[in-house]
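Dear colleague,

I am passing on the structure we spoke of, with the sequence alongside. Please have it open while you read the notes that follow.

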Amino acid sequence: MSIRTFDRGPETPIKLMVVIGSVRPGRIGLSVALWVHEHITDRGGFEIDFVDLAELNLPMVDELRLPKTQQYGRRHTEAWSARVEQADAFLFVSPEINSSFSPALKNALDFLFHEWGRKPVGLVSYGGRGGGAFATAALRPVLSDLQLIAASSYIDIARASTQVEDGFFIPEEQQTARLDNLLDELNALAPALRSMRESALVAG
Ligand SMILES: Cc1cc2nc3c(=O)[nH]c(=O)nc-3n(C[C@H](O)[C@H](O)[C@H](O)COP(=O)(O)O)c2cc1C
């Protein structure tokens, strides 16, 4: 009997796409995302693709066909598809806006379907008084529709602006600990889900 195993090897970094949801001038999302980026870089084990949706500058979804067909007619969709396809895992950094999450992130998610599927995602949400909990809650059904697998660990940051000094986000100890829990989960989920996707391909 042959058993199909999947071994990335401990030295193979997981390709983690970090997405900044806010595209607003003066956003604190950049500071929060840079904290995340720096912590992941110090920790190692992940190869980061840092996606700033303000730079990516996707229009509102402008494809003729549904994303499930993957018949894209626009260059920006093809480029976004190729970039998301190569990722093993995602980390979304989103503000809470009117009890939901970033509309720019929703639009970027809506462009594609299969490219997200059966990949793990971690959520870092922040806001004013709401603290990001509603953003996290609003994201969950969207992730489910796209077959993204949310890590059970997540980070909500209330009054996030009070933790930004000179453009740098100063994390509390428990926030860094939660980020580590989240990264541990992504580290465990990414190879397992990759194996699952590859098995599905083999099975046709
Ligand atoms: C239109 C608008 C709606 C907002 N709604 C909420 C909200 O429902 N809950 C909350 O906690 N913060 C809310 N906020 C505060 C934002 O989350 C906060 O300003 C955050 O810093 C925005 O992210 P950014 O600075 O990265 O753009 C809102 C801000 C704006 C501009």
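Which side chain has an N or O atom 2.5 Å from an oxygen atom of the ligand? Before the reply, a word of caution: this is a predicted model, and what follows should be read with that in mind. The side chain is that of Tyr 126, one of whose N or O atoms lies 2.5 Å from a ligand oxygen. The protein covers 70% of the 620 Å² of accessible area that the ligand has on its own.

Aromatic residues

The count of aromatic pairs comes to 5. In one of them, Phe 90 and Phe 92, the ring centres are 6.0 Å apart and the planes stand at 35°, which falls between the limits for stacked and edge-to-face, so the pair is classed as tilted. Phe 90 and Phe 92 are both buried. Phe 90 also pairs with Trp 116, and here the centres are 5.0 Å apart with the planes at 65°, so this pair is edge-to-face. Because Phe 90 belongs to strand β3 (residues 89-95) while Trp 116 is in the loop between α4 (103-110) and β4 (120-126), the pair ties together parts that are 26 residues apart in sequence. Trp 116, like Phe 90, is buried. Together with Trp 80, the residues Phe 90, Phe 92 and Trp 116 make up one aromatic cluster.

The charged end of Lys 68 sits over the ring of Phe 113 at 4.7 Å from its centre, and Arg 140 lies over the face of Tyr 154, with a distance of 5.4 Å to the ring centre.

Helix α5

Helix α5 spans residues 133-145, and its buried residues are Ala 135, Thr 136, Leu 139, Val 142 and Leu 143. Apart from neighbours within four places in sequence, Thr 136 is in contact with Leu 123, Ser 125, Tyr 154 and Asp 156. Just after α5, Gln 147 takes a positive phi of about 60°.

Ser 153 is found in strand β5 and, with a relative accessible area of 18%, it is buried. The side chain of Ser 153 makes a polar contact of 2.6 Å with the side chain of Glu 185. Once neighbours within four places in sequence are left aside, Ser 153 is in contact with Asn 181, Leu 182 and Glu 185. Of these, Asn 181 is placed in helix α6 (residues 173-203) and is partly exposed, with a relative accessible area of 41%.

Backbone angles to check

Most residues other than glycine have a negative phi, and most peptide bonds are trans. Two further residues with a positive phi may interest you. Ser 99, which is not a glycine, has a positive phi of about 60°; Ser 99 is in the loop between β3 and α4 and is partly exposed, at 44% relative accessible area. Asp 166, again not a glycine, has a positive phi of about 50°; Asp 166 is in the loop between β6 (164-165) and β7 (168-169) and, at 78% relative accessibility, counts as exposed.

Notes:
Residues are numbered from 1 along each chain as its sequence is written. This is a predicted model: local features need pLDDT of at least 70, side-chain atom pairs count only at pLDDT 80 or more; totals for chains, interfaces and linings use all residues. Side-chain values use heavy atoms; hydrogens and water are left out. Rings of Phe, Tyr and Trp (its six-membered ring) pair if their centres lie within 6.5 Å; planes under 30 degrees apart count as stacked, over 60 as edge-to-face and the rest as tilted. Buried means under 20% relative accessible area, exposed over 50%, partly exposed in between (1.4 Å probe, protein chains only). Helices (H or I, at least four residues) and strands (E, at least two) are DSSP runs, numbered from the N terminus. A charge sits over a ring if NZ of Lys or CZ of Arg is within 6 Å of the ring centre and within 35 degrees of the ring normal. A polar contact is a pair of N or O atoms within 3.5 Å; within protein, one must be able to donate a hydrogen and the other to accept it, and residues adjacent in sequence count only if both atoms are side-chain atoms. Accessible areas come from the Shrake-Rupley method with a 1.4 Å probe; for residues, only the protein chains shown count as cover. Contact means heavy atoms within 4.5 Å.
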